[in-house]
Each structure stands twice: as C-alpha cells, then as structure tokens.
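Colleague: Could you open the model for me? I have a few questions about it.

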2 protein chains.
Amino acid sequence: MNLKKVAILGPGLLGGSLALSLRKNAPDSRIAVWGRRESAAAEVREMRIADIASTDLESVVHEADAVIFCMPIGHMRALAERVAPLLSPGVLVTDVGSVKVPVARALAPVFQKRARFVGSHPMAGSEQTGLAAARADLFENAACIITPDETTDACAVADAKEFWALLGCRVFALSPHEHDEAVALISHLPHLVAAALVKTAQTEKPAALDLCGSGFRDTTRVASGPPAMWSEILRENREPLKYSINAMIENLHAMTTLLDSGDANAMERYLADVKTARDRLKISPNQ
Amino acid sequence: MNLKKVAILGPGLLGGSLALSLRKNAPDSRIAVWGRRESAAAEVREMRIADIASTDLESVVHEADAVIFCMPIGHMRALAERVAPLLSPGVLVTDVGSVKVPVARALAPVFQKRARFVGSHPMAGSEQTGLAAARADLFENAACIITPDETTDACAVADAKEFWALLGCRVFALSPHEHDEAVALISHLPHLVAAALVKTAQTEKPAALDLCGSGFRDTTRVASGPPAMWSEILRENREPLKYSINAMIENLHAMTTLLDSGDANAMERYLADVKTARDRLKISPNQ
C-alpha cells in the first residue's frame, strides 16, 4: 500500500495520536490534518505534528492515499459528502468511530465507487481528550477491529489491515454488527457500569467517596471520559448495549444468590474462574 | 505515642508494606514480624525488612507498643486469644481487615481490659498479593478508616490515628457499621461488579476478550485479586453488599430507561454529573 500522503480529519486525541504514530512508523509519509476550526488547525501547526494543517478540506485530502475520519460519528456523514468528490477511486477511507453499524450506514453509500471505504476501530483511548493528550504510542499493541461487510472492497480490507499493523496494532476483522455486539460487552457496558458505580456511591453515601482506594479509582476511571462523546456512543449502540446490561443484571442477581447461599467454595470458584479469564487479557500495562 | 517496638502479625502484602513503611517513617522503631509458617518468617529475614521475624508469637509481641493483625479476618480470633495474655494494658492493638463489624465482634471482647483495641482499615492494596509485592509507599496518601465503637478506649483511637498518620495516611473515623456500609459501596461492590463484567463478556462472547482496550483492563483490574481473600470479604460484608448490589441494579435499570428515552441531553447530563463526582476523588495516581 502506498502511503505518500495521509489525510487525518479531526485533530483530537485519536487524530493527533495518529499523526504522531505515523511520523514515528512511516517517517516518509506526508501528514495532512484537517480541523473544522482555524484554532484547531493552528494548534496542530504549533505542535509540528503534521506537514499540512488546515481548515481547507481540498488541500488536506488532495492526492492523499488514505483518509481517516477522526471525529464524533454524528459529524461524519456531512463531511464525507464533501470529501467524496475530491477523492480518486483507489484511496483508502476509514474512520476510528466506536460504533460501526451507524458508521457503515452513513459512510459506505457515500464512498461507493468513489473510494475504498471500510470502518476501523482501534481499541485505544483515554479518559483524557484533545490534541494535548495525543501520544505516539497510543496504538502500540492495541487491538484494532476492521469492520467489512458483504459490500466492502477486498483491497480496502487489506489496506486497512496493513495501515493499522504499521502503527503497531493487533488487527482483527468482524462485521459491523459483530463488532458492535463485542464492544457493547468490553467497552460500552464497562463505561456505563463505571458511571453507575459512581452514581450508586454518590447517591447512597456521598461521604464514602472521600475514602476510596485505588480499586475504586481504576474501576471508575473511564467515567471521567468526555460526557458528550460517550453519550453519543452509548446511544448509537443502544440495542446491543441494552442486551449487555440485562446480562450484567442477571450476573449481579446470580452473585446475590451466591452470597445468600453462604457457600464459600462456590464464591471462591466463581472469583477464581473470573481471575483466570481476566489474567489472560492481552493488554500491555503501558497501553 | 511510644513506638519503640511494633509487632506485625502476618507477612503478606499489607504486613510487608507496613514493615517497609515503618522502616521509612519511623526509623527508630524496632519491627517484629510473626509468620504462621517458618518459610514465611524466613522470607521476611531474607528481605531484611524487620529486626525480628519468627513463628514464635511471644518473642514477636514481647514489649511491643503496637500490635497489628495483618491476616484474613477468619484467622484473627484464634490468634488474638493467644496474643492477649502476652500484652500489657497500654498496648495498641489494631488490624487491617476489610470488614469491621466481624473484626470488632471477634477481637474487642478478647482484648477488653488487656490492651487497647480499635479496628483500622487502610484503603490500600493491589490485585497482587504476598510479601514480594510489598511497597514502602503503599499507605502514602491512602485513606485509613479507624473504627471505634461506644466501648473503645479513647487513647486507642488517638494512638491509631497517630500511627496511620505517621505512615502518610489520611485518617478518618467511622463506626464499624458505618465503615462496612461505606466500603460495600466503594470497594466490595466495585470488586463484585468487575468480576461480573468479566463473567458477562466471557459468557456472552468469549472472543471479545481478545479485543479489549485499556478501559476494560482498568475497569476489571481488581477481578485479578486473590479469590480466597475476596470470597471471605464479600461474604463477611454480605448484608451491606446486597443492599449496594440492589442500588446498582436500580441504577442500571435507570440507564436502560435513559437509553430508551433517546434523550441525548439527559444522558450527557447524567455522564457529566458522574464525571464531576469522579474527578473529585482524592486518590493520588501513584497510590
């Protein structure tokens, strides 16, 4: 895959980290960043993380080999309609949105026959936001899920895999629907649960929050993430998420039953099984 | 308070960290560590973190100014009955157990008129266990809850506060009952929820666990903790914990209702309120 020029649309935490990571892993690529506001483009120029940083979409995507949408899902469609006429058919178009059925629905028809679109979701982020939190190593060893469906160009899939592998990701492929079910369980449910844990303590005994240790801090870390972004993600993935919430509630009821049974061995076995699964997670500690 | 000699009973993560922290913060104190097994006492000697390390209870507690029980709650009563006759009335006796009503019930009568007992709970720990994971800074900036009841000697409370403050803790006082309600919300419920999150993903879509990012890693970190220890803690604090689980389930139902309402502003406000509360937590990042 040719990567003489990469266009990053949206200079937030992910867009900025993408620029830094490309600089490190593809030093010969020219990096162009588009920002909606002139102040955002100016910040990219001050940080010197791109060759071009502009609010002018045409100059940013001109002759780009890959175009990456790095913005809230709700903004993608309108921008895609402006971008599509500017691209030649071989260009890889992808995004970093956290929910893929709505992204595929919004973007695939716009790029049909105009560029090679496939969705991506690098499982990397932070409760922090914005360009200032961007890191060159954000994608290293992160899982990245490519989400082709039956209409996706095979070259787009191959190129997207190559692109994310170049940045150090462990690359997987799932349909948009399978992806959304998986992330409901491993990302959106944990987020909502973290928020509900804070809410529960705050409602039942607010003074208890002064006594927290590192366990509460880590279990609820994601609840410090940006509310507007997460509100959109949770709503966009509403149906798989509701299914996951119900499964979680069932498991909480099962634990109450286990507590009521007074069966120490059964509780220890339950926790030991969970520990085995959790210890197997392939996430590097500095990811 | 006099701290010429401190006896630590149980050389695990907390006992070992206590020895290291005392060495740092009270360099003139003699530190004696009791281990049930000779191999445990030998490990303490090899690590040179105490002046005395032995399986002989009498030599460890002899002339100690403070005695700290650092072992599973279920083992405390039997050991206390061996320790009590060896102590003079002025000695501070405390413990680091995670549930305080059962500890007060087990230990207070044993030390009545024989030493000054009050429970303590430093909110410090890790998913790791054992002496090898001990750290001199484990208690720095940690909250430590002293748990006097109406029978507790006022000097014991003052001494226990001074002891934990010396190690860098932010010291609070709550009755054993209030303590158990608070930690059900900020420690035991988060633990059980972390376990249920792993269980839910594992049951619904095991392959999703390969795709996790740092959000899932942190939200579930405590689920890698020692199963036997946590099984005991959760069972010992069963009633407050069941109350907390029910409050959590109510909050999860409320979030489903919020998702169903399609009200983007309401969801964003909910997450913003939670973020405000969570950002206020007074836990240092390296705690």
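Colleague: Is His191(B) buried or exposed, and why?

Modeller: Bear in mind that this is a predicted model. His191(B) has 22 C-beta neighbours inside 10 Å, and a residue is called buried at 20 or more, so His191(B) counts as buried.

Colleague: Where is His191(B) found in chain B?

Modeller: In helix α7 of chain B, which covers residues 176-204.

Colleague: And what is His191(B) in contact with, leaving aside neighbours within four places in sequence?

Modeller: Val222(B) and Trp230(B) from its own chain, plus Gly215(A) from chain A.

Colleague: On to the two chains. How many residues of chain A are in contact with chain B?

Modeller: 78, and they meet 78 residues of chain B. On the chain A side, β8 (143-147), α7 (176-204), α8 (214-219), α9 (227-236), α10 (238-261) and α11 (264-279) each supply at least two residues.

Colleague: Which of them gives the most?

Modeller: α7(A), with 20 residues.

Colleague: Different topic. Which residues have the most contacts inside the largest nonpolar core?

Modeller: Val67(A) and Val67(B), in a core of 207 residues.

Colleague: What does Val67(A) touch, not counting residues up to four places away in sequence?

Modeller: Ala7(A), Leu9(A), Val61(A), Val83(A), Leu87(A), Val91(A) and Val93(A).

Notes: Residues are numbered from 1 along each chain as its sequence is written. Chains are lettered from A and ligands numbered from 1 in the order in which they are written. This is a predicted model: local features need pLDDT of at least 70, side-chain atom pairs count only at pLDDT 80 or more; totals for chains, interfaces and linings use all residues. Helices (H or I, at least four residues) and strands (E, at least two) are DSSP runs, numbered from the N terminus. A residue is buried if 20 or more other C-beta atoms lie within 10 Å of its own, exposed if 12 or fewer, and partly exposed in between; C-beta atoms are placed from the backbone. Two residues are in contact if their C-beta atoms, placed from the backbone, lie within 7 Å. A nonpolar core is a set of buried Ala, Val, Leu, Ile, Met, Phe, Trp, Tyr and Cys residues joined through C-beta atoms within 7 Å.
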